[in-house]
Structure formats: structure tokens, C-alpha cells
Amino acid sequence: MNTIMRKSVLSVAGLAFAGGVFAGPIAAHANPVDTKPVAATVQSTAPKPQGEQSRIPLNGEQTANVKAIIAATKKAGLPERAAVISIATSLQESKLENLGHLGDSNDHDSLGLFQQRPSSGWGTPEQITDPAYSTTAFLKGLKQVDGWQDMPLTEAAQTVQVSAYPDAYAQWEQQATDLVGQYWNS
């Protein structure tokens, strides 16, 4: 590098250094920096609830069934999302009530929390009306759905349930999410 160029580079570097030394302390006193923490937005990986949401108050039996669904989900080694899908499905199918045979009001031979049918291979009436068994049976079906973790709740539930009302599950997603949040760690 020639002498003139070297002197020019060193002069510019010297000015930058001097400016930083003098401007740093002066700038620090001239405009104090606001050191309050800034809230960060955290993005959830779970899909957002779709459409209008429904909500019902729960009695003791329904709350016990929520806890049974969560316990079965944990026992199966599945994440909270599986419990959300299960609870939303049960809210749609039975309002979280363990339904026995309803006589003329019965939908075919549907029973239990998920309105599962013995004639469709879900189990015996005694098994289907056992919340732990019926949840485990539902979860077994859910695990067979490729990509269930990332698909809309109503699509995952419908793939397992094969309902005449495939979009009805979506309305319960927020309440199911809230219930899992409330009882997952209790």
C-alpha cells in the first residue's frame, strides 16, 4: 500500500475511533436509553380455533370425565394437543357425559363420551362406557391419522369419528384448550 493511501486509511480510522470515544460518553448522558423490558409475542404452533366457538358450564361428572381424558392421554404418552382434540370431540359427541343407551333417542348403538358404537368395532358396551377405555380407543384411532398434530382439530376428529357433521367439532376447540390448560398439570 502506498504511503498516501496508508495515511488516509489511518486518518479515517483515527477519526472514527476518536468520534466513538468522545461521542459514546456524551451520547450516554444526552439521551438516556429506556431499559424497560419489551413484551415479546410468542407464536403458538397449534392451529387457531376455527369459526364460532361454543362453551358450556361443566358439572362434577363432566369435569371428572375431562380429567379421565387427560389421564388417558398422558398414559398413552401423547401431548396436550391430543387431549384438546379428545375433549373437543367428547364435547361435541356427548357434552362430556358418559352416555348409556338412550332408547329411541339413541343414535344407532352409540355410547359413552365419544358416541362410539359396538357394532363398528369400538368395543363392548361396558368398555365404551368406561372413560379410560373409550379415550384410549379414540387416541388409538387418532395416532393412525398422519399429521394429526398439525391439522385443524375438526379434520383430525372427523377422520377418527366419521361423523355426519364433520365441521361440528371445531366449535369446542377453545373450551377444550382451556380445560387442558387448567387440568393438565393438576
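What share of the 186 residues of the protein counts as buried? The answer is 34%, where buried means under 20% relative accessible area, exposed over 50%, and partly exposed in between (1.4 Å probe, protein chains only).

This is a predicted model, in which local features need pLDDT of at least 70, side-chain atom pairs count only at pLDDT 80 or more, and totals for chains, interfaces and linings use all residues. Residues are numbered from 1 along each chain as its sequence is written, and side-chain values use heavy atoms, with hydrogens and water left out.

View 1. Helices (H or I, at least four residues) and strands (E, at least two) are DSSP runs, numbered from the N terminus. Along the sequence the pattern reads α-α-α-α-α-α-α. Contact means heavy atoms within 4.5 Å. Among contacts with a separation of 6 or more, 60% join residues 24 or more positions apart. The protein exposes about 11400 Å², and carbon and sulfur atoms supply 57% of that area. Accessible areas come from the Shrake-Rupley method with a 1.4 Å probe; for residues, only the protein chains shown count as cover.

**View 2. The largest nonpolar core holds 31 residues.** Such a core is a set of buried Ala, Val, Leu, Ile, Met, Phe, Trp, Tyr and Cys residues joined through side-chain atoms within 4.5 Å. Ile 85, Ile 87, Leu 142 and Trp 148 touch the most other members. Two or more residues each come from α2 (60-75), α3 (80-94), α5 (131-143), α6 (153-161) and α7 (173-183). Helix α3 gives the largest share, 7 residues. Take Leu 142 as a centre of view. Beyond its neighbours within four places in sequence, Leu 142 is in contact with Ala 82, Ile 85, Trp 148, Ala 156 and Val 160.

**View 3. Helix α3 is mostly covered.** It has 15 residues, and 12 of them are buried. The buried residues include Arg 81, Ala 82, Ile 85, Ile 87 and Ser 94. They pack against α2, α5, α6 and α7. From first C-alpha to last, α3 reaches 21 Å, close to the expected 21 Å. That expected span is 1.5 Å times one less than the number of residues.

**View 4. Arg 55 and Asp 178 form one of 2 salt bridges.** A salt bridge is a side-chain nitrogen of Lys or Arg within 4 Å of a carboxyl oxygen of Asp or Glu. Here the N to O distance is 2.5 Å. Arg 55 lies in the loop between α1 (3-30) and α2, and Asp 178 in helix α7, so the pair ties together parts 123 residues apart in sequence. Asp 178 is partly exposed, at 33% relative accessibility.

**View 5. Glu 173 and Arg 81 form a salt bridge.** Their closest N and O atoms are 2.8 Å apart. Glu 173 lies in helix α7 and Arg 81 in helix α3, so this pair ties together parts 92 residues apart in sequence. Glu 173 is buried, with a relative accessible area of 3%. Arg 81 is buried too, at 12%.

**View 6. Lys 95 and Gln 115 have positive phi values.** Lys 95 is partly exposed, with a relative accessible area of 32%. Gln 115 is also found in the loop between α3 and α4. Its phi is near 55°. Gln 115 counts as buried, at 13% relative accessibility.
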